[in-house]
Amino acid sequence: MSTREIQGHLEEIYKVEVSPTLISNVTEAVMEEVKSWQSRPLDSVYPIVYLDALVVKIRETGHVRSKAIYVVIGVNMQGNKEVLGLWAGQAEGAKFWLQVLTELKNRGVADMFIARVDGLNRVPKAELT
């Protein structure tokens, strides 16, 4: 979303007027935290992992395009769900799923007992050994 769209959304939903400059400053301030969260170390074992991709419309360089947002949610050993990561790709495919799984492995995930997918034939092709 553009800063103007966010401004309109905040005004419409919350009846709050915020300047585009403030929105830009807040966005810039949280980007380091978002990057840190996205690369944080993960547990070595997740008994259950949910993998899915959602197709959303995203405005880029003045054009609206469809992109795949890859979502991975893990159930940890204490039984709590946690979002392991979110990634944006051009379209859902085995190559991108392989990148996602490789990143999870590099961040510490050594084993998943059950990987739940919604019938995607692309995920099994991306399996790591």
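In this model, Arg107 and Glu103 join their side chains in a salt bridge, 3.4 Å from N to O. Keep in mind that this is a predicted model. Below is a quick tour of the charged pairs, the aromatic cluster, the nonpolar core and a few residues worth a look on screen.

**Salt bridges**

- How many salt bridges does the count come to? The total is two, and the pair of Arg107 and Glu103 is one of them.
- Glu82, with a relative accessible area of 23%, is partly exposed.

**Aromatic cluster**

- The structure has two aromatic pairs.
- Why does the pair of Tyr70 and Phe96 count as stacked? The ring centres are 4.3 Å apart and the planes make an angle of 25°, so the pair falls in the stacked class, which takes planes under 30 degrees apart.
- Tyr70 and Phe96 are both buried.
- Tyr70 also pairs with Trp97, this time edge-to-face, at 4.8 Å centre to centre and 80° between the planes.
- Strand E2 and helix H3 are again the elements involved, since Tyr70 lies in E2 and Trp97 in H3, 27 residues apart.
- How buried are the rings of the edge-to-face pair? Tyr70 counts as buried at 0% relative accessibility, and Trp97 is buried with a relative accessible area of 0%.
- Put together, Tyr70, Phe96 and Trp97 make up one aromatic cluster.

**Nonpolar core**

- The largest nonpolar core has 16 residues, and those touching the most other members are Tyr70, Val72, Trp87, Trp97, Val100 and Leu104.
- Strand E1 (45-60), E2, strand E3 (81-89) and H3 each put at least two residues into this core.
- Which element gives the largest share of the core? H3 does, with five residues.
- Val100 touches Tyr70, Val72 and Trp87, leaving out residues up to four places away in sequence.
- In soluble globular proteins, nonpolar side chains tend to be buried together.

- Is Lys67 buried or exposed? Lys67 is buried, because its relative accessible area is 12% and the buried class covers anything under 20%.
- Lys67 is found in strand E2 (residues 63-75).
- Apart from neighbours within four places in sequence, Lys67 is in contact with Leu54, Val55, Val56, Ile58, Glu60, Gly89 and Gln90.

**Surface and loops**

- Leu22, Val26, Val30, Met31 and Val34 make a nonpolar surface patch of about 380 Å².
- Met31, one of the patch residues, is found in helix H2 and is partly exposed, with a relative accessible area of 37%.
- Lys15 is not a glycine, yet it has a positive phi of about 60°.
- Where does Lys15 lie? Lys15 is in the loop between helix H1 (3-14) and H2, and it counts as exposed at 68% relative accessibility.
- Lys105 is in helix H3 and is partly exposed, with a relative accessible area of 47%.
- The C-alpha atoms of Lys105 and Pro41 are separated by 9.9 Å, although the two residues are 64 residues apart along the chain.

Conventions: Residues are numbered from 1 along each chain as its sequence is written. This is a predicted model: local features need pLDDT of at least 70, side-chain atom pairs count only at pLDDT 80 or more; totals for chains, interfaces and linings use all residues. Side-chain values use heavy atoms; hydrogens and water are left out. Helices (H or I, at least four residues) and strands (E, at least two) are DSSP runs, numbered from the N terminus. Buried means under 20% relative accessible area, exposed over 50%, partly exposed in between (1.4 Å probe, protein chains only). Contact means heavy atoms within 4.5 Å. Rings of Phe, Tyr and Trp (its six-membered ring) pair if their centres lie within 6.5 Å; planes under 30 degrees apart count as stacked, over 60 as edge-to-face and the rest as tilted. A nonpolar core is a set of buried Ala, Val, Leu, Ile, Met, Phe, Trp, Tyr and Cys residues joined through side-chain atoms within 4.5 Å. A salt bridge is a side-chain nitrogen of Lys or Arg within 4 Å of a carboxyl oxygen of Asp or Glu. Patches are made of residues with over 30% relative accessible area and no salt bridge: like charges are joined within 9 Å, nonpolar side chains (Val, Leu, Ile, Met, Phe, Trp, Tyr) within 5 Å. Accessible areas come from the Shrake-Rupley method with a 1.4 Å probe; for residues, only the protein chains shown count as cover.
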